[in-house]
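Please keep the sequence and the structure in view while reading.

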Amino acid sequence: MEVCTASTTDSFASRALHLHRFIRRRLVAGILGRRGEAATPAAAAPLPRARRIGEDGLGVDALLLKPSSPSALFSPYFLVAVEAGGYARGLALLALYPALRALPHGARVRAMAMVAFCGLRRDEAARIGRAVLPRHFFRAAADVPALEAVGALPEGVKVAAVTRSFPAVMVDAFLTEYVGFDVVVGAEVKGGARYVTGVMEGGELDTERLGLALKRTEKKKKKDYPRPMVFHDGRLAFTPTPAAVLAMYIYLPFAVALAVVRIAIYVLLPWRLSSVVAGLTGVRVRVIGPTPTPAAAEDGAAAAEPRGGRLYACNHRTLLDPVGIACALRRPVAAVTYSLSRLSEVLSPIPLRRLTRSRDEDRRRMSSMLARGDVVVCPEGTTCREPYLLRFSPLFAELAAEVTPVAVDARTAVFYATSPSPVAKSFDSVHFLMNPRPEYIVQFLEAVNTESGKSSIEVANEVQRALASALGFEGTALTRKDKYLLLAGNEGVVKTK
């Protein structure tokens, strides 16, 4: 009887183990785009299929690159070249690309890596992989839904992403932080502690190395994936195919001249005239709904003492948000900001005032400006490119009896106008005006009473919700610190005067 029971137990355990392995393989096969044995050839999906490597490895190159586009490899390497090495390095890669296309795939990958990475700082190469390339892969990857299926795996399953077309530093952040792979296995870029040479090494892969990589990593909570992308960096707002990049380099000299002309228009001409003339050069400011009247006009001529200006609170898309609001109002407004370069301060057509992040001092400065006229404040404290709103600082809700929310959105086709780098930030406004047809959309919402008995935090949240509803964005609790830790590796604190 005991022998029979033991035999039954062993049989059940064996069947359970086989069932576990079967389910596990089916889940992984689902990510690979495979079908069951009963599937007919006609039902097979035309999507590219990743190659399974070992027991728990997925070759992801076919999912990251569009097979229909022979230039798919060019775009990620060009982004590394131009965003980390500058426009000259990007131009060199573009000039070499016709010759590189004639090389076999492996040699082409190594040559492009050499051009893109040679001489870069190791931390800068990692920053590009973390802050710039994930946006490209989200936008241009051949099969993002298949990659995102990793998030549907059970908690106990580990999956490694294997790449032979990219150094691991280019795809590690995207695949592990956004998609949910446990580890990325691929070639490394040789170099010293601070700089890289661009030579790829360690691209050979065997199941022993794959298993060792999985053993060293901790299991991810798959239910947390895929994650939305809220922050990203980089100047190029388009997918850099060779044809698009060639067009950009041809347009670049004209873009610089166009930006200089537009800056001169806003700085030298009166407000009522500057918007009209700037419109002739392609700049568009579209206003949705009525614009508020000046606060002084509402008091009437018989007012005993001046009321001061109106307080506008807007979401933050670029440094030019207050300028766009001033164009919509057809009158100048003042603005406050935390980080302001000397160049931006000189070129600004409206008064700007630096904030110090000291609550009492910032309240004093903003109140002083508000007593003299209209003031625009961006409670998020930093810009966000994607359709999300960061947490609003409640200080603005303590400055006036009411605040007017303003929903703004900036649209560009070639260059993004935001950057976390102190040096690059100086040219944010210039890059916005370098676009062929930059556009601002401004919508003034109903004023919010700040003396209704609600706390300043509740008022700030109410303004955030109103702006999110008007723009179709999603409100978050993320802050400036979260953005800069991801994109720049610091907390975004700058010295103020």
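Where is the place of Pro240? Pro240 lies in the loop between α10 (207–216) and α11.

## Basis of the report

The structure is a predicted model, in which local features need pLDDT of at least 70 and side-chain atom pairs count only at pLDDT 80 or more, while totals for chains, interfaces and linings use all residues. Residues are numbered from 1 along each chain as its sequence is written, and side-chain values use heavy atoms, with hydrogens and water left out.

## Overall composition

The protein has 20 helices and 15 strands. Helices (H or I, at least four residues) and strands (E, at least two) are DSSP runs, numbered from the N terminus. Of the 497 residues in the protein, 49% are buried; buried means under 20% relative accessible area, exposed over 50%, and partly exposed in between (1.4 Å probe, protein chains only).

The protein exposes about 23,600 Å², and carbon and sulfur atoms supply 58% of this area. Accessible areas come from the Shrake-Rupley method with a 1.4 Å probe; for residues, only the protein chains shown count as cover. Contact means heavy atoms within 4.5 Å. Among contacts between residues at least 6 apart in sequence, 75% join residues at least 24 apart.

Pro240 is buried, because its relative accessible area is 1%. Leaving aside neighbours within four places in sequence, Pro240 is in contact with Phe74, Ser75, Phe78, Leu79, His136 and Val245. His136 is 104 residues from Pro240 along the chain, and their C-alpha atoms are separated by 9.3 Å.

## Nonpolar cores

A nonpolar core is a set of buried Ala, Val, Leu, Ile, Met, Phe, Trp, Tyr and Cys residues joined through side-chain atoms within 4.5 Å. In the largest nonpolar core, of 98 residues, Tyr77, Phe117 and Leu175 touch the most other members. Helix α11 (residues 242–268) gives this core its largest share, 10 residues. Apart from it lies another core, of 28 residues, among them Ala334, Leu355, Val375 and Ala397.

Not counting residues up to four places away in sequence, Tyr77 touches Leu93, Val109, Met112, Ala113, Ala116, Phe117, Ser165, Phe166, Pro167 and Met170. In helix α5, the buried residues are Arg108, Val109, Met112, Ala113, Val115, Ala116 and Phe117. Gly119, whose phi is positive, near 85 degrees, follows α5.

## Helix α16

Helix α16 (residues 359–372) has 14 residues and should span 20 Å at 1.5 Å a residue, in agreement with its end C-alpha atoms, which are 20 Å apart. The expected span is 1.5 Å times one less than the number of residues.

Asp362, Arg365, Met366, Met369 and Leu370 are buried in α16. They cover an arc of only 130 degrees around the axis, which puts them on the same side of α16; the arc is that of the directions from the helix axis to the C-beta atoms. The buried residues of α16 pack against β7 (311–314), β8 (334–337), β9 (352–354) and β10 (375–377). The face turned away from the buried side carries the exposed residues Asp360, Ala371 and Arg372.

Strands β4 (residues 183–191) and β5 (residues 196–201) pair in the antiparallel sense over 3 bridges; two strands pair if DSSP finds at least two bridges between them. Glu188 stands opposite Glu201 in β5. The hairpin joins β4 to β5 through 4 residues.

Gly192 has its place in the loop between β4 and β5. With 41% relative accessibility, Gly192 counts as partly exposed. Gly192 and Arg122 are 70 residues apart in sequence and 8.3 Å apart in space, C-alpha to C-alpha.
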